[in-house]
Number of protein chains: 6
Amino acid sequence: MRILVVNVNTTESMTAAIGLSAAAAASPGTEIVPLTPLFGAESVEGNYESYLAAIAVMETVRAYPEPFDAVIQAGYGEHGREGLQELLTVPVVDITEAAASTAMFLGHKYSVVTTLDRTVPLIEDRLKLAGLDARCASVRASGMAVLDLESDPAAAVEAIVTEAERAVRDDRAEVICLGCGGMAGLTEQVIERTGVPVVDGVAAAVTIAESLVRLGLTTSKSRTYAPPRPKRIVNWPPTAAPGFVLADDPHAAAAMA
Amino acid sequence: MRILVVNVNTTESMTAAIGLSAAAAASPGTEIVPLTPLFGAESVEGNYESYLAAIAVMETVRAYPEPFDAVIQAGYGEHGREGLQELLTVPVVDITEAAASTAMFLGHKYSVVTTLDRTVPLIEDRLKLAGLDARCASVRASGMAVLDLESDPAAAVEAIVTEAERAVRDDRAEVICLGCGGMAGLTEQVIERTGVPVVDGVAAAVTIAESLVRLGLTTSKSRTYAPPRPKRIVNWPPTAAPGFVLADDPHAAAAMA
Amino acid sequence: MRILVVNVNTTESMTAAIGLSAAAAASPGTEIVPLTPLFGAESVEGNYESYLAAIAVMETVRAYPEPFDAVIQAGYGEHGREGLQELLTVPVVDITEAAASTAMFLGHKYSVVTTLDRTVPLIEDRLKLAGLDARCASVRASGMAVLDLESDPAAAVEAIVTEAERAVRDDRAEVICLGCGGMAGLTEQVIERTGVPVVDGVAAAVTIAESLVRLGLTTSKSRTYAPPRPKRIVNWPPTAAPGFVLADDPHAAAAMA
Amino acid sequence: MRILVVNVNTTESMTAAIGLSAAAAASPGTEIVPLTPLFGAESVEGNYESYLAAIAVMETVRAYPEPFDAVIQAGYGEHGREGLQELLTVPVVDITEAAASTAMFLGHKYSVVTTLDRTVPLIEDRLKLAGLDARCASVRASGMAVLDLESDPAAAVEAIVTEAERAVRDDRAEVICLGCGGMAGLTEQVIERTGVPVVDGVAAAVTIAESLVRLGLTTSKSRTYAPPRPKRIVNWPPTAAPGFVLADDPHAAAAMA
Amino acid sequence: MRILVVNVNTTESMTAAIGLSAAAAASPGTEIVPLTPLFGAESVEGNYESYLAAIAVMETVRAYPEPFDAVIQAGYGEHGREGLQELLTVPVVDITEAAASTAMFLGHKYSVVTTLDRTVPLIEDRLKLAGLDARCASVRASGMAVLDLESDPAAAVEAIVTEAERAVRDDRAEVICLGCGGMAGLTEQVIERTGVPVVDGVAAAVTIAESLVRLGLTTSKSRTYAPPRPKRIVNWPPTAAPGFVLADDPHAAAAMA
Amino acid sequence: MRILVVNVNTTESMTAAIGLSAAAAASPGTEIVPLTPLFGAESVEGNYESYLAAIAVMETVRAYPEPFDAVIQAGYGEHGREGLQELLTVPVVDITEAAASTAMFLGHKYSVVTTLDRTVPLIEDRLKLAGLDARCASVRASGMAVLDLESDPAAAVEAIVTEAERAVRDDRAEVICLGCGGMAGLTEQVIERTGVPVVDGVAAAVTIAESLVRLGLTTSKSRTYAPPRPKRIVNWPPTAAPGFVLADDPHAAAAMA
């Protein structure tokens, strides 16, 4: 099966890292296709950038020319998953939800350790909407920006591990979710220092996507994620002539038939 | 004061109608500027269209060349408000929240009557995130599409009033919110048939925006709605050269200083 | 329009101060009528005093001889608003709810800074009942009694600002509500020290009451706030002969017709 | 031990009936003292009347000249319990909470069947504030006014039993609480028709009050229910000279020492 | 009346202590029968032991040869109460719920102080399921194991009182529940040090069980706690021949008739 | 890898059917080991039977002589999962939670269709404790007993499909979970009649267990699911001499080292 793993920022090295994480978690026979959005910010650390990423991810997936079996949105706490679900019949898995859902099988409460303080409310809001917040002990910020994870990995490790330790000791977390697509490499160090299981959202999402595909499950088209109704859309996408009809999109076509 | 009232769809006649509603609610001395998004769908009735509208509204506001005092996002149950709040220091008011917040001063519980069944979960989700759902009795769909409100107003009135009556009788609503930017004209008929107060979101939003401006209140920049960090954004906006820095935007500049 | 702003305690100097706050927030053409309850405690800092204030405010409003367009109950965390809503068709706005509702347009979470520790649960309970608690980060007590705000303003400022700073830093509040009718004068100092928007409940309530009146909205009479049924009431009000019928009250008459 | 059972309305025949219910539930050695408020409405069916009852009950208890061991507030869904708790150190039991608390030991979910539709939100609000709503299946109105229970008992029984049956069948209640101080006599008939346990709030409150007294438990004076601070209260109570100090009250004295 | 008070662990000295607590709280004429489970752990401090206790308590009660009027499950935060309710028509009272329910009549919020940190989530889960968590300020662990309460009472007192003080000061508890069947003897010391009422679950459960019996209330048999359906059960109970039918049990018989 | 799939009832034909479902969902290389509990009821349809099953499942797993990689508890709405998690370090997956967790990736709301009405509260409680209830539209009973699924499959299909249709139409479910280990064969028919995705808990649990194992994730041993403390357990298990120490158990040993 083929799974598209779409980064939410436009930094190619992060797409590559996410792709490696995903591939490491994939079963034999699963092809991981890492994608970088066609437009958007070099890192996503707030709502404007996240909304831009939401639509960029959708257009990037729509422009992908080959068939695929599932899509992973590989940003933590980001907008847009519901839009992808409308456009596609194949399963769509968001890494924020994949990590939380997985953590809940392992301990009584989990915490998320993320990057900047300003992204904490975004993650809290996504977990609340997903109905996965009841067993969330805390969302904690390490203070490291997304790109710091690549430029100063030693400092990043220390900051992230420190917050994970606080989550376990003070917030009573029994599992830690690494709250950024770029943190996958830190799993071992956090386990070693905290003694609790650590969930990487990208890896968790890959196994969930594979599972849904293997079980033959697809996105429900009965109400919320029904395909967009055919209608006039102007000046979009940027590269198209104005005024295209959404039903021309091959991936949506099956659902709309 | 000048208030931008931004439609979420690209149907100019709806922008005009929303503008009239807004102007009717405005105080003397308030200039209402109705805006149509630069791109997007002719009606917004689902997540894909709503995410597209989110970013279209943001870019439309950013492109507005004159100073302004507040922005109203005139779509019901739509994504994007948080992004506008990051980009601006002036108040941003979403009509879904404005209607709910206003209704809560008038009765013990309120219901929303909206267009298509598929938009009900979007509105429920927005109210949940806004923390305004505890006294929401129900969100009910009339089955009328957004553009039906213009093309077949008689049927629309009947369908909407019927659901409002059910909300009052069966769901114990004591106030009705009209859940679509294009329903403003129906207020009187719904009052007459249900006997309860009816809140039009656009009108409510205008008075709230005016109030916030008069009280000198601005969007908090302390965490969630801090201005976007300066960073590289590629291939965006569509008409610009690739690679512009967000801090160049005049409206965000004050907040970032 | 004429708005009654009813203090909940019987200290005339506080009524005057509240009246000034309200007048400063009012639009041209709005007449603010500050009222002191006919009976009750010199400050309201607990449930007994608050219940006494509830009924005193109602009787004071009923005894007001002229027409009016809205009523503001200017006590923080007090009982009684629902009773006023039954007695009147014009809008009734409680400052606790007005402040919370306003703060929610400005930041992701808000905190309330109030007077004595013992009043914290009252405010929490009012916000919970009003369904405005989901985005409340905390209610914090400064330890200053209501009358200390007048007698020792320097100490009051320091105590209040200190708690506001803690709310922003520790509780992640992005907006501060000043939780006492007598705190209005402190707004500037709290803004200066915390950097976040500060909402004064009296000012917020004035703009909300004006907005409701301008929009022609009145209290729903369909169930919870239906006028009291005509019935025998004995030994009340204190100044009347025993056994009067509520329907004689001029303000309720319209609603009961 | 002596327990004051305070009716919330001024209809003496209802006080007598409540007193009989209470006495029937009391242990040997318990003296039940039924009290009628010094002022107020002949029946309490809304917020204005309930707030008036709140303060009338408090003044009636304060005026009671003998020692007592506990107080029962015998109105369903009424305001005021917190005020009594401030004024007294002996336990205060509200029948709404007593019934719910008792029902929760008997079945997975309970429903309340009450009088008029307009009182449903009051009961719901009281249960919410008391934190006893999570297992409440529904609050249903029989449409009978409080005084109808005495004037037309046959119709009352039929209306109440019908709603109880609906609660069991449609709302999945496993226990029924009779939601009015005057419904005590209907217990057997509701049991017979529904097959589920039926809780009368007055009887439940008597056993809870006795239990608290026997265990030596008193109202916590640490924060919310601390005695009122000594302060000037003007024009209250109606029969007293203006300006009395609350600490003069004998029942509160112990708590304030 | 006769009340079975069933310890959840197999330490006879704890059964005896619990029996003494229960007897001290019982009314004249109530016979307290302390029972030790037929099998299970010497102390219950986790889920495996608690599930084992759940079924051991049920079998122990089923094997009790005489009639009885109520059962108290005297373990804090344990599984099993719903099973007993199915098997019996007489009331079943769990001490965790009895303590919480009682505490809620005394203060605005309560805390539980228990033994080991690992049992905190069990207690939190039981309160959540019982719908008694809304006013729970915290569940705090003293770090003392169940058997330490007997072997080192001085250290136990100090550890428990320290946590109670923290609950009152930091978590804003106004009442303390002692969260272990073996803590009953500490009540006075905790009151003395914290100044707030202290509830012992065993004593509270005795008065609640007596109250339910006196009021003639029994477990609802309408759905959740209907008697088990007659069916084949193999290899159980351990001492019986395989394949017995549950309806042979005398206590369940009435309910199944 | 080897996964134990433990039936909760003692009907061997159901164990076999569950084993087939599990095997059908398993990846190549996964060995499914279906187990029937050593003791217990022929079907589990209530709390007594479920508590008995809880401990029977634990003892059955403890008695399994070979190594294994994960355990699936294959009963819907049953007690006991937390006990297994204490006893083991390998992942434990409950099918109720597996189904809910999976359904939440496919639609906005899901419903469960189960067997008897009396089991609805058990499933609701399990979902509430698991924190997976926020997006549960309803739990509906078909009225078919567990063993009817085998004895009268035609009637079972009709009853189950009818409730599924109601869940989609009336409760707004977008996904259906089949709420009984024995319903796996009905998936296709429910899909055909409702048009929404249908999740079988056993199949979902297999893919989740495989995913956790592949990701190297194990049960957190930091607090709630720490291994039982070494202590004396009397008269248990039935076949053992009294007084064995739990730490002798091979599966727990690693965790306790």
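Student: Okay, what order do the strands have in the open sheet of chain D?
Tutor: The four strands there run 2-1-4-5, with parallel pairing. Strands here are DSSP runs of E with at least two residues, helices are runs of H or I with at least four, and both are numbered from the N terminus. Two strands pair if DSSP finds at least two bridges between them.

Student: Before I go on, what am I looking at, and how is it numbered?
Tutor: It's a predicted model: local features need pLDDT of at least 70, side-chain atom pairs count only at pLDDT 80 or more, and totals for chains, interfaces and linings use all residues. Residues are numbered from 1 along each chain as its sequence is written, while chains are lettered from A and ligands numbered from 1 in the order in which they are written.

Student: New topic: how do helix 9 of chain A and helix 9 of chain F pack?
Tutor: They pack at an angle of about 150°, with axes 10 Å apart. Axes are lines fitted to C-alpha atoms, for helices over the stretch in contact, and angles run from 0 to 180 degrees between N-to-C directions. So helix 9 of chain A and helix 9 of chain F are roughly antiparallel, a label for angles over 145 degrees.

Student: Which residues meet there?
Tutor: A:Thr207, A:Ile208, A:Ser211 and A:Arg214 meet F:Thr207, F:Ile208, F:Ser211 and F:Arg214.

Student: Last one: what rotation superposes chain B on chain A?
Tutor: A rotation of 180°, with 0.0 Å of shift along its axis and an RMSD of 0.0 Å. That is the relation of a two-fold axis. The superposition is by least squares on C-alpha atoms of residues with pLDDT of at least 70 in both copies.

Student: Which residue of chain B comes closest to the axis?
Tutor: B:Pro238, with its C-alpha at 2.8 Å. Also, 100% of the contact residues of chain B recur in chain A, so the same surface serves both copies.

Note on methods
Two residues are in contact if their C-beta atoms, placed from the backbone, lie within 7 Å. Angles under 35 degrees count as roughly parallel, over 145 as roughly antiparallel, 65 to 115 as roughly perpendicular and the rest as oblique.
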